[in-house]
Amino acid sequence: MDHPNGILISNPRSGRFSTVSRWGLWVTGWLLVNGLWITADSGILDGDESGHVGAAELFRVQLESGSFFNFLCDAFMGDLGEYPPLFPALVGLWWWLAGGGLPAVLWVRACGAIGMLLAAWAISRVVRDAHDARSAEFAFGVVLLLPLLNGLSRHFMPEGILTGVLAVVGWLMWRLVRRPTWQAAACLGLGVGLALLVKQSALFTLLVPMVWVIYRMPTKGLLAVGVASIVAGPWWYTHFSEQIVYGASSAASRAAAGIALHVAYYPIVTLILGLGPVLTLALFGVVASRDRVVKGDGRKPQSTEVVLATLMILGTLLVLLLLPKKYPRLLSPAMPWFAVWLGPWLAQQGRAAWAVVASAALWSWMASFHWSEAGSVPSFLASVDVGCQQRWLRPPMRDDLGFASVLDAAKRAPDGPVVVSNPPDIPCQIQTAHPWIEHLGPLLRWSGEDRPVVVSSETVGALNIVWGGGDTHDTPLVERVEVPLLSSHFVLWVGTGHGKSGTTVLP
């Protein structure tokens, strides 16, 4: 009902059982949709994904061999090059618990759901404390409908987990500011430290909000910084020089765009990819009606959550603005905080709120399953990012570039190497992935068919793959495999022990 001073957003008639049931429907529906997407997708790993999965395999092997102590040490102090070790350690743990196998299997690839559900839960806790249960429910749902985050959750990228961890850190900031205790400060420090071990870009989101926390309560804020230093400091100290080099190389850009496009890049991408058209329109509705929202007792909502959400979003945008090179996925930790505004606004829209939710869900479905360009940066921003564009929000790829046929043939072929002739590159218009040949060895290993892989046009192996070749070999296994995405094909055949020039099978 309406309140004399505005619109009442609380719903005292909503029982605990019905609320829990609706939240369960949100989670179940979201998991089903993402499970359908993962099951339908046969695409290969993105180039960045390949590196993270390779690191996760090292942790999975440690667990398989029973080296639990080494696993824990490496998860916090391991040397994996330019990235912190916690994300691949978590993926490796999940992969081990799922029983190993190919990372494309549903139960392995679903690990990205953890970050989304963590983010939705943490934001809903903030909104529940500041408003009411109905607002929290809508905030929970808004997070699960964010397009860019949905795309990232289906891939092995640290930004997915980082988004969830940083949402929890934001909730811990909220708790500390409202109830400043030493325990809350220590928990915040622990969360900050873990976030810094997931990925370095956690600094982009944390810098401004942590300054705010320290300004409001210097002693407890500095305690949180101290605890974070204990958790993340050892790895950062031993890898500091590498991080300087990595940061400089990552920030460098060859783009010739003017300053106006650089400034506009992330705000535009936030609205188009981060929120999508439906939630962007809803955000405009929030702005238009911001003065009308009140709590059930007639008071204006506390502003602390609004300040925190603003700092998490604008602080991230401000830091990213200073970096010449642009990566849309770096926006992901800021995106859940829009739900702090959208959740309460939807809660006071009555039945119209469900029309907004249904429209946002429909758009996300279409972008995820049918519109191949939905996850692309607008063409007028192309001059800002001149490299190959990563697309995390896209329909499932039905073409696996022939790898399933190779794995099936490897199970039937005799022991020995796989020899590949004329392997192709993969154009970045299809996916920003490594060349075809670099995916073959790991896939053979993960499927239990670990074999040497040799690139040669002369040597004959136990299994041979000739790209663009003719199926003229008189062997027990000859198969022509079409690869439509690459507008090409290859021929699989079993070697007889002698190459075209008399060479023998490689040992």
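Contacts between residues 24 or more positions apart make up 80% of the contacts with a separation of 6 or more in the protein chain, a contact being heavy atoms within 4.5 Å. The model is a predicted one, in which local features need pLDDT of at least 70 and side-chain atom pairs count only at pLDDT 80 or more, while totals for chains, interfaces and linings use all residues. Residues are numbered from 1 along each chain as its sequence is written, and side-chain values use heavy atoms, with hydrogens and water left out. The secondary structure comprises 19 helices and eight strands, where helices (H or I, at least four residues) and strands (E, at least two) are DSSP runs numbered from the N terminus. Of the 507 residues in the chain, 54% count as buried, the term standing for under 20% relative accessible area, with exposed for over 50% and partly exposed for values in between (1.4 Å probe, protein chains only).

The largest nonpolar core contains 137 residues, among which Leu188, Trp436, Leu440 and Ile465 touch the most other members; helix α9 (residues 158-178) gives the most to this core, with 13 residues. A nonpolar core is here a set of buried Ala, Val, Leu, Ile, Met, Phe, Trp, Tyr and Cys residues joined through side-chain atoms within 4.5 Å. Beyond its neighbours within four places in sequence, Leu188 is in contact with Val169, Leu172, Met173, Leu176, Met210, Val213 and Ala224. The C-alpha atom of Leu188 lies 9.7 Å from that of Lys220, a residue 32 positions away in sequence. Lys220 belongs to helix α12 (residues 218-238) and counts as buried because its relative accessibility is 17%; when residues up to four places away are not counted, Lys220 touches Leu176, Pro180, Thr181, Trp182 and Ala185.

Helix α16 (residues 339-347) is largely enclosed by the rest of the structure, because eight of its nine residues are buried. These buried residues are Ala339, Val340, Leu342, Gly343, Pro344, Trp345, Leu346 and Ala347, and the elements against which they pack are α6 (113-130), α7 (133-144), α14 (259-288), α15 (304-321) and α17 (352-369). In helix α11 (residues 202-216), Thr205 has a relative accessible area of 1% and is therefore buried. Its side chain makes a polar contact of 3.1 Å with the side chain of Thr316, a polar contact being a pair of N or O atoms within 3.5 Å of which, within protein, one must be able to donate a hydrogen and the other to accept it, with residues adjacent in sequence counting only if both atoms are side-chain atoms. Apart from neighbours within four places in sequence, Thr205 is in contact with Leu166, Met312, Thr316 and Pro333.

The second largest pocket holds about 480 Å³ of space, and of its 26 lining residues those closest to the centre are Gly43, Ile44, Ala104, Leu443 and Trp446. On a 1 Å grid over the protein atoms alone, a pocket is an open set of points with protein on both sides within 12 Å along at least five of seven lines, where a 1.4 Å probe fits, and lining residues have an atom within 4 Å of a point; grid points are joined across faces, edges and corners, and the volume is the space filled by probe spheres set on the points. Helix α19 supplies the largest share of the lining, six residues. By class, the lining has 14 nonpolar, six polar and six charged residues, with Ala, Val, Leu, Ile, Met, Phe, Trp, Tyr, Cys and Pro counted as nonpolar, Asp, Glu, Lys and Arg as charged, and the others, Gly among them, as polar.

Gln431, in the loop between β4 (418-421) and α19, counts as buried because its relative accessibility is 8%. Its side chain reaches the backbone oxygen of Ile44 at 2.7 Å, and its C-alpha atom is 8.7 Å from that of Gly43, 388 residues away along the chain. Asn422 is found in the loop between β4 and α19 and has a positive phi, near 55 degrees; with 55% relative accessibility, Asn422 counts as exposed.

In the loop between β7 (478-483) and β8, Ser487 has a positive phi of about 50 degrees although it is not a glycine, and at 70% relative accessibility Ser487 counts as exposed. His489, in strand β8 (residues 488-494), counts as buried at 13% relative accessibility, and its side chain is joined to that of Arg480 by a polar contact of 3.2 Å.
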